[in-house]
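Hi,

Here is the structure I promised to pass on.

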Amino acid sequence: METQQLHRGRLIDHLQLVTPDLEASRRFYGAVLEALGVPIGGEAERFFWADELFVSAVDSIAAQGRPTGRCHLAFQAKDRAMVEAFHKAGLAAGGTDNGAPGERPYHPGYYAAFLLDPDGNNIEAVFHGEAERSADSVVVTFES
């Protein structure tokens with residue numbers, strides 16, 4: 001068996017999704033992120049964010065009046081149960097099933113579920129199987 005090593009936390013600084021229905025997105029992402037153990041980091045009238053994900057209304061200053069196009073975004077899950085909780089929570093919060101929890105052929109142990117968010121983005125939760133992580137997350141501290 002070949003050992004594979006994945007690097008996480010060094011490529012993407014942040015991802016912005018721009019939505020015409022911020023409240024629907026707030027419900028959906030609030031539910032799926034809670035199921036993944038990730039709290040909403042902050043919010044205001046026209047946006048919210050959690051870790052690297054920033055979601056804003058189409059009429060916010062950051063959006064420049066245009067929604068983003070369809071994208072595929074995969075969240076990390078700690079185990080299979082978390083993938084299943086993500087899928088259940090997302091369906092209950094207005095998401096559409098785009099692939100029930102299960103093994104995928106991408107590599108041994110790849111267990112994932114897929115949902116379409118209220119804007120049609122393909123949102124995934126994935127557990128890569130038993131693996132050793134060097135850290136739970138990358139922490140960046142800066143002076144403001």
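Let me start with a question: is E4 largely enclosed by the rest of the structure or left open? Four of its five residues are buried, so strand E4 is largely enclosed. Before you read on, please keep in mind that this is a predicted model.

Who sits beside E4? On one side of the pairing list is strand E1, residues 15–19, which runs parallel to E4 and is joined to it by five bridges. Thr-19 has Ala-57 of E4 as its bridge partner. Strand E3 also pairs with E4, this time antiparallel and over four bridges. There, Phe-47 stands opposite Ser-56 of E4. The hairpin of E3 and E4 has two residues between the strands, and Asp-51 takes a positive phi near 50° in it.

Now for the other strands. An open sheet of four has the order E5-E8-E7-E6, and its pairing is mixed. Strands E5 (72–76) and E6 (96–103) are at the edges with a single partner strand each, so one side of each has no neighbour in the sheet. On average, and ignoring direction, neighbouring strands here are turned by 15° against each other. E6 runs antiparallel to strand E7 (residues 111–116), with five bridges joining the two. If you want a pair to look for, Thr-96 stands opposite Leu-116 in E7.

Two helices go with this sheet. Helix H1 (residues 22–35) lies across E5, E7 and strand E8 (122–127), and runs at about 170° to E7. Helix H2 (residues 80–92) lies across E5, E6, E7 and E8, running at about 10° to E7.

Glu-23 and Arg-46 are 23 residues apart in sequence, while their C-alpha atoms are 9.4 Å apart in space. Just after the helix, Gly-37 takes a positive phi of about 75°.

What about the core? Nonpolar side chains tend to be buried together in soluble globular proteins. In this model the largest nonpolar core has 24 residues, and Tyr-29, Phe-75 and Phe-86 have the most contacts inside it. H1, strand E3 (47–50), strand E4 (53–57), E5, H2, E7 and E8 each supply at least two of the core residues. Which element gives the most? That is H1, with five residues.

Leaving aside neighbours within four places in sequence, Tyr-29 is in contact with Leu-17, Glu-34, Phe-48, Leu-53, Phe-75, Asp-117 and Ile-123.

One last item comes from a record: an unreviewed UniProt entry places the feature "domain: VOC" at residues 11–128. Over that stretch the chain is 23% helix and 36% strand, with the end C-alpha atoms 19 Å apart.

Cheers

How values were computed
Residues are numbered from 1 along each chain as its sequence is written. This is a predicted model: local features need pLDDT of at least 70, side-chain atom pairs count only at pLDDT 80 or more; totals for chains, interfaces and linings use all residues. Side-chain values use heavy atoms; hydrogens and water are left out. Two strands pair if DSSP finds at least two bridges between them. Axes are lines fitted to C-alpha atoms, for helices over the stretch in contact, and angles run from 0 to 180 degrees between N-to-C directions. Contact means heavy atoms within 4.5 Å. A nonpolar core is a set of buried Ala, Val, Leu, Ile, Met, Phe, Trp, Tyr and Cys residues joined through side-chain atoms within 4.5 Å. Buried means under 20% relative accessible area, exposed over 50%, partly exposed in between (1.4 Å probe, protein chains only). UniProt positions are given in the numbering used here, feature names are shortened, and annotations may be inferred rather than shown by experiment.
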